[in-house]
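Subject: Structure handover

Hello,

Here is the structure I promised to pass on. Please open it alongside this message; my notes follow below.

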Amino acid sequence: MKNKVSIAGVGVSGFKALTSDLSYRELVFDAAVKAYLDAGIEHHEIEGFVTTAEDLQEGYSIADEYTPDQLGAVLKPCYTVSGDFLHSIASAAMMIQAGLFDIVAVECLSKASNMLTLPDLAAFAMDPTFNRPLNFSEHVVAGLEMSRFLFETGNTVEQAACVVVQNKANALLNPHACFGAKITVEDVLCSEPVSYPIRRLNVAQSADGAVVIVLASEKAVSRLSCKPIFIKGIGWSTDAPSLESREWGSAEYGYAATQIAYKNAGISCPAKEIQLAEVNDEYGYKELMHIESLGLCRRGESGELYQTGFFAPKGQLPVNVSGGMLGIGNLYDANGGALLSELIIQLRGLAGQRQVQNVKTGVALSWRGVPSSSGVCAVLTNEG
Amino acid sequence: MGLRRVAIVGAGLTKFMRRAQETPKELAYEAAKLALDSCGLRLKDIDSVTIGTAPDAFDGVHRKGEFLADGSGGFGKPTMRHYVGGGTGCFSPTHGWFHVASGMFDTCLVVAEEKMSCAFPHPAGAFLTIFDHTTEQPLYPTLIWIFAMEMNRYMNTYGIPKELIAKVSVKNKGNALDHPAAQVAEKITVEDVLNSEVMAYPVNRLDISPVSDGAAAIVLAAEHVAERITDKPIWIDGMGWNLETSYWCTRDLAYPDYVEKAARMAYKMAGITEPHRQIDIAEPYDPFSYKELHHMEGLLLCGKGEAPQLLADGVTERTGRLPCCPSGGAMGVGNPIAATGLMKVIEIFLQLREEAGARQVPGKPRTGIAQAWGDLMQVGTVVVMRR
Amino acid sequence: MELKKEMLRGTQLSESDFRAGKVITTDWKPELHYAWDNGVGIGYYLAQLKAGKITASFCNKCNRIMLPPRAFCELCFKPTDGWVDVLDTGTINTFSVSLVDWAARRIKKGERPHTPAVIEIDGASPGHGMLHLIGEIDPYEIKIGMRVKAVWKKPEERTGSITDILYFKPIREPKASRKK
Amino acid sequence: MAITKMLQKTTEASYFKGSIPMEYKYTAGVAGELFLKALRDEGKLLAGVCPECGFSYLPARMFCERCFTGIEKFNDAGLYGILLAYTIAFENFKGEPLDEPVVYGLINIHGTDTTLIHRLGGKNMENLCIGEEIKAILTPKNKRQGQITDILYFEKV
C-alpha cells in the first residue's frame with residue numbers, strides 16, 4: 001500500500017454476554033481510554049474519528065448522533081461507516097493514505113444484549129417483497145448456505161462441528177472471550193436442531209463489547225512511543241445483496257476482498273506467507289468457507305485439514321486462536337474489531353498462553369452476517 | 001492535499017417525488033445509471049462504490065447500505081456505506097474522494113438514496129427515535145420541535161422577523177421551477193408562507209421541505225483518468241465535516257459552530273481565506289427555511305445574524321452577487337435526505353460547467369460550495385468545488 | 001451535459017391509487033424493542049429523579065457542572081469527579097408551541113398544544129439544559145428567558161424517568177434572587 | 001474500567017425500555033409489480049433477461065446488477081426447477097419454536113440463473129435430495145393476492 005498505515009494503539013472493553021453495569025457510552029469510553037494510552041497520545045491529538053454503527057442495532061433512528069462524546073471527538077471530523085469494523089478501518093486508512101490526517105481513531109461497539117428482538121432485526125434486513133412474507137429466519141438462510149457449501153465442496157457436518165469444538169476450546173485461554181467451553185463433536189451434533197444442518201451449538205451467541213483502534217501515518221507513528229503493527233493490505237467486496245442472485249456454495253465476497261488485500265500486500269502464496277488467520281465464524285461452517293476464500297487451502301480441503309489439526313493453535317496455520325465469534329461471542333459489526341485486536345496482540349507477541357510462535361504476517365476476514373454478502377480482508381504485519 | 005487530484009466527471013438524478021413506485025434499489029440504479037451515461041462510462045469502468053443514505057427507519061430495511069448495493073453498482077465491487085445523518089449527502093463526495101485520492105482506486109461511483117415513503121402512515125415517526133432514548137424520548141419529541149426551538153432561538157438572538165425568513169421559501173420554491181427533478185416548485189409570496197398553517201411556532205407548513213423519495217449519483221475520477229473522460233472536470237478542492245456533542249441542549253442553538261468548523265477545514269484545504277469574496281455560488285442546506293440563513297452564517301459567507309438582510313437585498317438570488325440554492329434546494333426540489341445533499345453537489349457541478357440551463361447563474365462561476373447538515377442539530381458537511 | 005426533465009426517471013404514484021391498493025404493496029411491522037443499560041451516569045440521574053432531585057456531575061478540570069450527569073467528561077476525557085444536586089428551577093432558553101405530535105398528526109381541536117422547551121437548570125453550568133415541557137401557562141404567553149420550576153409527580157408514582165417531572169411551570173421571583 | 005464510580009451492587013444496575021414504533025408499506029417496484037401481477041393474474045413466474053449479458057433473473061428485475069443494463073423483456077419461465085439446497089426450520093423468524101418444522105428450499109427455475117428461497121411441501125418430503133426436479137404449486141387463482149406467497153410451496157415432481 002502507498003503511504004504506509006500503521007496501528008498505533010488498541011483498546012478493548014469486554015467481551016461479555018452482558019454489560020449491565022455500563023451504558024454504551026461508558027463501554028466505548030473505556031475502550032477509547034485504553035487505546036489512546038496504548039498509542040501514547042491524548043484525545044486532542046487525534047485528528048479524525050470513524051465510528052461503526054447500524055441504527056437499529058443500537059436502537060436509534062440515527063445512531064451517528066450518539067458517537068462523538070465517548071471518543072473525545074466533540075467538534076472534530078467524525079463520521080460513521082455502516083459496515084463491519086474492518087470497513088471503518090479501510091475508510092480511515094484511506095484518509096491517512098490520502099494525506100488528510102496523520103492520526104485517526106476507529107471505533108466499534110456491540111450492545112447486542114440491549115436489543116431484545118435480534119431475530120426480528122435480522123428478518124428486517126431481508127427483502128420486504130420477496131423474502132419477508134415467507135417468515136424465514138436468518139438461520140434458514142445460513143442452513144441453506146451450509147447445505148449447499150457442504151454439497152459443493154464435500155466438507156462434512158462433522159468437520160463443521162470440529163470448528164465449534166476447537167474455537168470454544170481456544171476461547172478458554174482468551175481472557176476477552178466469554179463463550180469458551182470444553183465440548184465434543186457429539187455435543188454439537190446432538191444439540192437442539194435450529195435449521196438443519198444447523199444446530200444450536202453451531203451458532204455464535206451474541207455478546208457486548210467495544211474496540212477502539214488508533215491508526216497513524218508513517219510520519220506520525222515515528223514520534224509515538226508505541227510499537228506499531230502495519231496494515232499491509234486491505235480489501236473489501238460485496239456479492240449480490242439479494243438472496244436470489246448471489247453465490248451460495250462459497251464466500252465470493254471473501255475471495256474478492258482477499259484478492260484486493262493480497263494484491264496490496266504483495267502476497268502471492270498465502271498459505272506460505274501467512275502464519276495466523278482470524279476469520280468470522282458466526283456459524284461453524286463459515287470458518288471453513290472463509291479459510292477457503294483466504295486461499296489458505298484448496299477449495300473443499302478445509303474440513304479435512306481442520307480434522308488433522310492444521311488450523312489448530314499448535315498447527316501449521318492457526319485459525320481463530322482467539323476463539324472466534326463462537327468463543328468470543330457474536331459482536332455483529334464489532335466482530336471485525338475482535339478479529340483485528342487478536343491479530344494485533346499476537347503480532348506484538350503479547351498473547352500470553354495462547355501466543356502463536358514466530359508470527360510475522362496475519363490476516364483477518366470479516367463478514368457482516370446473514371443476510372449480507374459483504375466481507376473485508378485485512379493483512380497485518382509486525383515487520384516495518 | 002491527497003496523493004492526487006480528484007474530479008467529478010458525471011452526475012445523475014431521479015425525479016424527487018412524494019411516493020415513488022420504484023424500490024430503493026431501483027431509484028439508486030436510475031440515478032447511478034444516468035451518472036455513468038452522462039460521462040460515457042460503463043459499470044465495468046468503476047473500481048469502487050460508496051453509498052450515502054440516511055436512516056434505515058425510512059426505507060424500512062435494516063442495513064440499508066447492503067440492501068442498496070446492487071442498485072448502486074456495488075455487485076462484486078468494494079462497496080461501503082458512510083453515514084452522518086442528514087449531513088450524509090454532502091459528505092458523500094468526501095468519502096468518494098478518500099477512495100480515489102488515497103490511490104486505492106482510480107474511479108468511484110458515489111450514490112445517495114432515500115425512500116421516505118416506505119414508512120407508513122408517515123415517516124415523521126422515525127424522528128421520535130433520533131432523540132436520546134432514555135432522557136428525551138419519553139417526552140414524545142418530534143423533529144419539528146427541535147427545528148422550531150432552534151429557529152426561535154435564532155430569531156430571538158438577532159431580532160429577526162419571521163417575514164425575512166419566509167423569503168427563503170419564496171426564493172427556493174421559485175428557483176425550483178427550473179429544476180427538472182423538482183417536487184414542490186411553486187411561485188408563492190411571503191404572505192403565503194406566513195398564512196400557511198402553523199405546525200409548531202414559529203414554523204409554518206411552507207417553512208418545511210417535503211417528504212420525498214429520490215436518488216442522486218456522481219462519478220469521481222483521479223486526475224489522469226478524468227482528463228480522458230471529460231474536458232470539463234470539476235475538481236473537489238476542499239472538504240470538511242464536523243460533529244458536535246450529542247448533548248444538544250448544551251449547545252448555542254443560535255449559531256451552528258459545527259458548520260463553521262467544517263467550513264474552515266474545507267476552506268483551508270482549498271486555500272480560501274475570504275469566503276464571502278472567493279466563493280461565487282453556494283448551496284447551503286435548507287430543510288427548513290431559516291436553515292439556509294443559519295448555514296450561510298456558519299459557512300462564513302456573512303456575519304452572525306446578517307444572512308436575512310442579504311436575502312432581503314437580493315444578494316442570494318440567482319442574479320445576485322452570491323447566489324444561494326439556485327437549484328431550488330430542499331425547499332423547492334424536495335428532500336430525500338441524503339440524495340438532497342448530493343443533488344446540491346450536482347447543482348454546483350452543473351453550474352461550474354455552465355450546464356445548468358435555465359438555472360444558470362451569470363458570470364461564469366469558478367468556485368462553489370455545497371453544504372449539508374444533520375444528526376441532532378449536530379453535524380456540518382462541506383465540499384468546495386472548482387472548475 | 002445538461003440534465004433535462006425527460007432524462008430523469010421515477011414513477012410518481014398517486015396517493016389515491018396507492019391507498020386504494022391499485023399498486024401492489026407488502027406490509028411489515030418490525031418488532032424493534034430494547035432495554036438499554038443505563039450504566040453509571042444515567043442510572044444515577046434516573047434514581048435521583050425518582051427521589052425528586054435533579055443531579056448533575058462535575059469535572060474538576062474544566063469546572064463544568066454537567067446535565068445530564070455522566071461518568072466521564074467528554075471534553076477533558078477523564079472520569080468526572082462527583083455528583084452535585086442542582087435546583088429544579090431554571091430559565092427557558094428556547095421553546096415552541098407545537099400543533100403536531102411525534103407522528104405528524106395534528107392535535108385535536110380544543111387539545112392543548114405541546115409546549116417543549118430547552119430549560120437551563122439553575123446550579124448547572126451556563127447553557128446546561130434539558131428538554132422538557134412547559135405547563136400551567138397559556139402556550140402563547142411563553143417567552144424566552146422566562147423562569148420556570150419543575151412540577152413533580154407524587155413520590156409513589158415516580159418510576160425513575162424524565163417523566164417523573166410532569167412539566168415546568170412559570171415562577172415569579174425577583175431577578176436579584178436568581179441563583180447562578 | 002476507565003471511570004471511577006463503578007456500580008458496586010447488582011441492585012444498582014438498571015435499564016430503560018423502549019421501542020422503535022414504525023410500520024411500513026413497500027411497493028414491489030417497477031419489475032416486482034410485473035412479476036407479482038403475472039403470478040396473481042396468469043399463474044406465471046416471470047423472468048427478466050439482461051439484453052447485454054444474458055443473465056436471467058427470477059423474480060424479474062428492472063436492471064441487471066452485473067452490467068447495469070435496463071431489462072425490458074420478460075418471459076414466462078415456467079413452474080419447474082431443481083432443488084439446490086434445503087433446510088428444515090425449527091424456529092420462525094422471531095426465534096420462537098415452530099409447532100411443525102417448515103422445510104425451505106433453494107430453488108433454481110429452469111432457464112434462469114438465480115435462486116429462489118421458498119417453502120417445500122406436498123408429497124415425498126421424507127427423501128429430499130439436492131438436484132431433484134421440483135414444481136411450484138400455486139394458491140387457487142381466486143385466493144391470490146399478488147404476493148410471493150401466491151406460490152404455496154414447491155413439491156417434488
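Let me start with chain C. A compact globule of 180 residues would have a radius of gyration near 16 Å, yet chain C comes out at 23 Å. Along the principal axes, the C-alpha trace of chain C spans about 65 × 45 × 45 Å. Please keep in mind that this is a predicted model. The predictor's scores are as follows. For the complex, the ipTM is 0.97 and the pTM is 0.97. Chain C averages a pLDDT of 94, and 96% of its residues score at least 70.

What is chain C built from? Its secondary structure comes to two helices and 13 strands. Of its 180 residues, 41% count as buried. Take the contacts in chain C between residues at least 6 apart in sequence: 53% of them join residues at least 24 apart.

One sheet in chain C is worth a look. Three strands make an open sheet in the order 4-3-7, and the pairing is antiparallel. The edges are strand 4 (65–66) and strand 7 (82–86) of chain C, each of which pairs on one side only. Strand 3 (residues 54–58) of chain C pairs with strand 4 of chain C over two bridges, in the antiparallel sense. Within strand 4 of chain C, M66(C) stands opposite S57(C).

Next, the contact between chains C and D. Here 27 residues of chain D are in contact with 22 residues of chain C. Which elements of chain D give two or more residues to the side that touches chain C? They are strand 1 (15–19), strand 2 (24–27) and helix 1 (29–42) of chain D. Strand 1 of chain D gives the most, with five residues. By type, the residues on this side of chain D divide into 13 nonpolar, seven polar and seven charged.

Strand pairing also runs across these two chains. Strand 1 (residues 25–28) of chain C pairs with strand 2 of chain D in the antiparallel sense, over four bridges. To find the spot, go to T26(C): its bridge partner in strand 2 of chain D is Y26(D).

Now chain B. Its secondary structure comes to 14 helices and 11 strands. The radius of gyration of chain B is 19 Å, close to the 21 Å that the globule rule gives for 387 residues, so chain B is as compact as a globular protein of that length. Its C-alpha atoms fill a box of roughly 55 × 45 × 35 Å along the principal axes. Buried residues make up 75% of the 387 residues in chain B. For contacts in chain B with a separation of 6 or more, residues 24 or more positions apart account for 77%.

Last, a detail in chain A. Is helix 11 (residues 284–293) of chain A largely enclosed or open? All 10 of its 10 residues are buried, so helix 11 of chain A is largely enclosed by the rest of the structure. The buried residues include G284(A), Y285(A), K286(A), E287(A) and H290(A). Just after helix 11 of chain A, G295(A) takes a positive phi of about 70°.

One is the pairing of strand 1 of chain C with strand 2 of chain D. The other is helix 11 of chain A, with G295(A) just after it.

Best wishes

How values were computed. Residues are numbered from 1 along each chain as its sequence is written. Chains are lettered from A and ligands numbered from 1 in the order in which they are written. This is a predicted model: local features need pLDDT of at least 70, side-chain atom pairs count only at pLDDT 80 or more; totals for chains, interfaces and linings use all residues. A residue is buried if 20 or more other C-beta atoms lie within 10 Å of its own, exposed if 12 or fewer, and partly exposed in between; C-beta atoms are placed from the backbone. Two strands pair if DSSP finds at least two bridges between them. Two residues are in contact if their C-beta atoms, placed from the backbone, lie within 7 Å. Ala, Val, Leu, Ile, Met, Phe, Trp, Tyr, Cys and Pro count as nonpolar, Asp, Glu, Lys and Arg as charged, and the others, Gly among them, as polar. The radius of gyration is taken over C-alpha atoms; the globule rule is 2.2 Å times the number of residues to the power 0.38. pLDDT is the predictor's confidence in each residue, from 0 to 100.
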